[in-house]
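Subject: Structure for you to look at

Hello,

Here is the structure I said I would pass on. My notes on it follow below.

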Amino acid sequence: MFSGRAFPGFDNVDVLSLLAEAQEAAISGHLSQLPRVSTDSDTLAQIQHAARKIFSYDPHQVLEAERALEDICDAAPSAVSMAWLLVANRVLMFERIATHSKEWVEALDMRCAQAIALGPTNAFLLAAVSGAYIRFLDRHDEGLALARRAVRLNPASPYALDALAGALYLCGRYEEGYRL
């Protein structure tokens, strides 16, 4: 269940319950739209389980999800497993659990390159890579271009729109981001 950790001090149980339902619908809806070609049902279930842990915003759960996704990506990388791994990385950085060590940055850079190769037309994955490029790798122009590409691929994707809005904001293009 959604823990409310993303909204410290917020304890309205009814609203938190609605948020939990919305997150579950988003996770299930996103995963159900993905092509099943390269991801078997057991792996897809593991990814879905990891996504739920990520959205708990509990540091221990997110770390567990990151480890599980790293194992999945090491064994049989796919666009969806790479995208969720990048989302886990982002949450851990925002929660100040991960650090920007040189090794971490190099691994993230390699992971992003591998992710783009796996899913060059996957809007969710491109949105995740865009966030990593801009927030952690100081590759603003490339990140903004990927966010724009994600929105072109799927203009209704909340992930793509969030990536573009965040990219525009972090690149100092506030007016353009506001118009989204």
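Leaving out neighbours within four places in sequence, Ile116 is in contact with Leu125, Leu126, Val129, Tyr133 and Leu146, where contact means heavy atoms within 4.5 Å. Ile116 lies in helix 5. Its C-alpha atom and that of Leu146, 30 residues apart along the chain, are separated by 9.6 Å.

Before the rest, some notes on conventions. This is a predicted model, in which local features need pLDDT of at least 70 and side-chain atom pairs count only at pLDDT 80 or more, while totals for chains, interfaces and linings use all residues. Residues are numbered from 1 along each chain as its sequence is written, and side-chain values use heavy atoms, with hydrogens and water left out.

Overall make-up

The protein chain has nine helices and zero strands. Helices (H or I, at least four residues) and strands (E, at least two) are DSSP runs, numbered from the N terminus. Of the 180 residues in the protein chain, 43% are buried. Buried means under 20% relative accessible area, exposed means over 50%, and partly exposed is in between (1.4 Å probe, protein chains only). Among contacts with a separation of 6 or more, 56% are between residues 24 or more positions apart. The accessible surface of the protein chain is about 9,700 Å², and 54% of that belongs to carbon and sulfur atoms; these areas come from the Shrake-Rupley method with a 1.4 Å probe, and for residues only the protein chains shown count as cover.

Confidence

pLDDT is the predictor's confidence in each residue, from 0 to 100. The protein chain has a mean pLDDT of 80, and 75% of its residues reach 70 or more. Over residues 1–10 pLDDT stays under 50, and the model has 20 contacts beyond four places in sequence for them. Residues 33–37 are also below 50, with four contacts in the model beyond near neighbours in sequence.

Aromatic pairs

How many aromatic pairs does a search of the whole structure find? There are five. Rings of Phe, Tyr and Trp (its six-membered ring) pair if their centres lie within 6.5 Å; planes under 30 degrees apart count as stacked, over 60 as edge-to-face and the rest as tilted. One of the pairs is Trp104 with Phe136, which is edge-to-face because the ring centres are 5.6 Å apart and the planes are at 85°. Trp104 lies in helix 5 (residues 102–118) and Phe136 in the loop between helix 6 (123–135) and helix 7 (140–153), so this pair ties together parts that are 32 residues apart in sequence. Trp104 is buried, at 15% relative accessible area, and Phe136 is buried at 11%.

Phe124 and Tyr159 make another edge-to-face pair, with 4.5 Å centre to centre and 65° between the planes. This pair links distant parts of the chain, since Phe124 is in helix 6 and Tyr159 in helix 8 (residues 158–170), 35 residues apart. Phe124 is buried, with a relative accessible area of 5%, whereas Tyr159 is partly exposed at 22%. Trp84, Phe124 and Tyr159 form one aromatic cluster.

Helix 6 is mostly covered, with 12 of its 13 residues buried. Among them are Phe124, Leu125, Leu126, Val129 and Tyr133. From first C-alpha to last, helix 6 reaches 18 Å, close to the 18 Å expected at 1.5 Å a residue; the expected span is 1.5 Å times one less than the number of residues.

Arg139 lies over the face of Tyr133, at 4.1 Å from the ring centre. A charge sits over a ring if NZ of Lys or CZ of Arg is within 6 Å of the ring centre and within 35 degrees of the ring normal.

Asp138 is in the loop between helix 6 and helix 7 and is exposed, with a relative accessible area of 60%. Asp138 has a positive phi of about 55° although it is not a glycine. Most residues other than glycine have a negative phi.

Val105

Val105 is in helix 5 and is partly exposed, with a relative accessible area of 24%. Not counting residues up to four places away in sequence, Val105 touches His100 and Leu137. The C-alpha atoms of Val105 and Leu137, 32 residues apart along the chain, are separated by 6.9 Å.

Regards
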